[in-house]
Amino acid sequence: MLSREKNERLCRVEGDAPMGTLMRRHWLPLCLVEEVAEPDGAPVHARLLGLDLVVFRDTQGRIGALDEKCPHRRVSLVYGRNEEGGLRCLYHGWKMDVTGQVLDMASEPETSPMASKVRTRAYPTREWGGMVWVFLGKEEDAPEFVPPPWAPTRDAKVSIAKVILPCNWAQVLEGAIDSAHSSSLHSSDFVPAKVSGAEATDKNWLRPSTDKAPRLQVERTPYGFRYAAIRRPIFDADTQDYVRSTVFVAPFTVLVPPNNLYNVANVNVPMDDTNTAFYFLAWGHPAKTPDTETWRKFLRAQIGPDVDDRYRPHRNHDNRFWQDRQAMKAGNFTGITGFPNQDIAMWVTMGALADRSEERLGTSDLAIVEFRRRMLTALDEFAAGEAPIALGENAIPREICSFQAIVPKSVDWRQYKVSHVWDDVPATQRLDSNYEV
C-alpha cells in the first residue's frame, strides 16, 4: 500500500506538481510522426503534462509545437489553416511559424508593426524512432537529445501501436513492469511450450515455463532499475532457471523482455493526471520486426477496427471491453482479444487515478514497490539539487537491455551476457555506431 499523500506525489504531473517538474527536464514523446507526416497537413492536438499543444508540419517539412491557443483571442489553433510556412488562426487570420513568431495579422493594417513584436510559446522538437519529441522545460535546462534505448540507431525498425487511455500514467507503467500478471492475465496468449527460449508466432508468444509464481530480484540503477522474474523452466529445472529481466528507464519507459525475433518496449506518457498516451513498440532488425500494421493487427490496436482516428479505443468499461464469455467457457482465460487490451481493462478499471492506500501487496509485487520507491526518491534527489534521474551521467548505458533466457542456476542474472535481438551483427557493436539527430 501507499499513503494517499505519497500516491498524489507519485502520480500527479499537472502545473507545479513535483513529478511533472521532473518530467519537464526530459525530452518527451509528443505524438507519432505519422500524425503530422504531410507538409501543410491538418494540425494535431496533443496534451502533455496538462499542457495543450498544437502540432503541425510546415511547407518546408519543419515540425512546430505551439501553445494550442492563439495569442490573440485564445481560440484553438487546431482548426487553423496550415499554409505557406505557418499556421493561420481562423478567427482573425493571425499566422504563426514553427518558432512561434507571428508572421501576419490579417485583421491589422498593413502598416502596423505589431506582428513583428508578438510571439506565441513554441517548444523545440525532434523526430526520432517514429515519434515527435518535445522539450517543455526552460531552454537553459534542455539536455542534448539522445535516442531512446528502443531506437538506438536510424537503421533500427520501430513499429508502434498507440492508445489513449482514461487513467493515470503510473498505473499503466506498473502493469508494464509486473511480470507476474502475465502468467494469468495473458495465459491464453503467452503459451507454455517445449521451446528453448521465448519464441513468437503470428498468433502467440511461446514460453518455456508453466510456473505462475516467479521469484523477483531487483537491481537499482541511476536510470531507474532492472529486475528478474525467475521461474522454473519446463526442462532441467534442477540446474537451470527461466529468467525474464525487465528494465525500467525513468521516467516512463519499460524495456519488456523480447522474443526470438524482435525487441519490445512501451512508453507511458502522462497527458495529464488522469489520461495517458500508451505506446507499445516492436523494434529491431528491419527483416525480423513486424511492420506497423502487422504489429497493430497482432495487438488488436488498429485504427478503425480497434481505435478511432485519434487513437481512442472502441473497447471500454461501458461495453465490457468486448469480453466474450462464450470464449471463456471454451478455454480462453479472459475472453478479451489482444493482450494489451487485457492490460487496458485492468488499468482502466482501477479508476482514473488508482487509490493505492487500499492495496494488499505480495512478494510478486516487488517491482511495483521498487518503482514507487525509486521515483519518490528521485523526486527527493531532484529537489535537493541532484541531477535528474536517467539524464546525463545517470542515463542508461547503451549496452543494457531486457532479456529472457534459460540461465544456469550457478550464473547471476545480473552478470549474464546478453544483447538486443538483432540479426547477424552483435548489438554491442551496433549500439556504438554514430547517430545524427
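1. Basis. The model is predicted: local features need pLDDT of at least 70, side-chain atom pairs count only at pLDDT 80 or more, and totals for chains, interfaces and linings use all residues. Residues are numbered from 1 along each chain as its sequence is written, and side-chain values use heavy atoms, with hydrogens and water left out.

2. Over residues 30–134 the chain is 0% helix and 39% strand, where helices (H or I, at least four residues) and strands (E, at least two) are DSSP runs numbered from the N terminus. The end C-alpha atoms of this stretch are 6 Å apart.

3. Sheet. An open sheet is formed by three strands in the order β2-β3-β4, with antiparallel pairing; two strands pair if DSSP finds at least two bridges between them. β2 (44–48) and β4 (63–67) are the edge strands, each with a single partner, so one side of each has no neighbour in the sheet. From one strand to the next the twist averages 35 degrees.

4. β2 with β3. β2 and β3 (residues 51–57) run antiparallel and are joined by five bridges. His45 is placed opposite Val54 of β3.

5. α3 with α7. The axes of α3 (residues 169–176) and α7 (residues 366–383) come within 9 Å and cross at roughly 140 degrees. Axes are lines fitted to C-alpha atoms, for helices over the stretch in contact, and angles run from 0 to 180 degrees between N-to-C directions. α3 and α7 are therefore oblique to each other, given that angles under 35 degrees count as roughly parallel, over 145 as roughly antiparallel, 65 to 115 as roughly perpendicular and the rest as oblique. On the α3 side, Trp169, Ala170, Leu173 and Glu174 meet Ile368, Phe371 and Arg372 of α7, contact meaning heavy atoms within 4.5 Å. This contact of α3 with α7 has five nonpolar, no polar and two charged residues (Ala, Val, Leu, Ile, Met, Phe, Trp, Tyr, Cys and Pro count as nonpolar, Asp, Glu, Lys and Arg as charged, and the others, Gly among them, as polar).

6. α1 with α7. For α1 (residues 4–11) and α7 the axes come within 10 Å and cross at roughly 75 degrees; the two helices are therefore roughly perpendicular. Lys6, Arg9 and Leu10 of α1 make the contact with Phe371, Arg372, Met375, Leu376, Leu379 and Asp380 of α7. By class, the residues of the α1 and α7 contact are five nonpolar, no polar and four charged.
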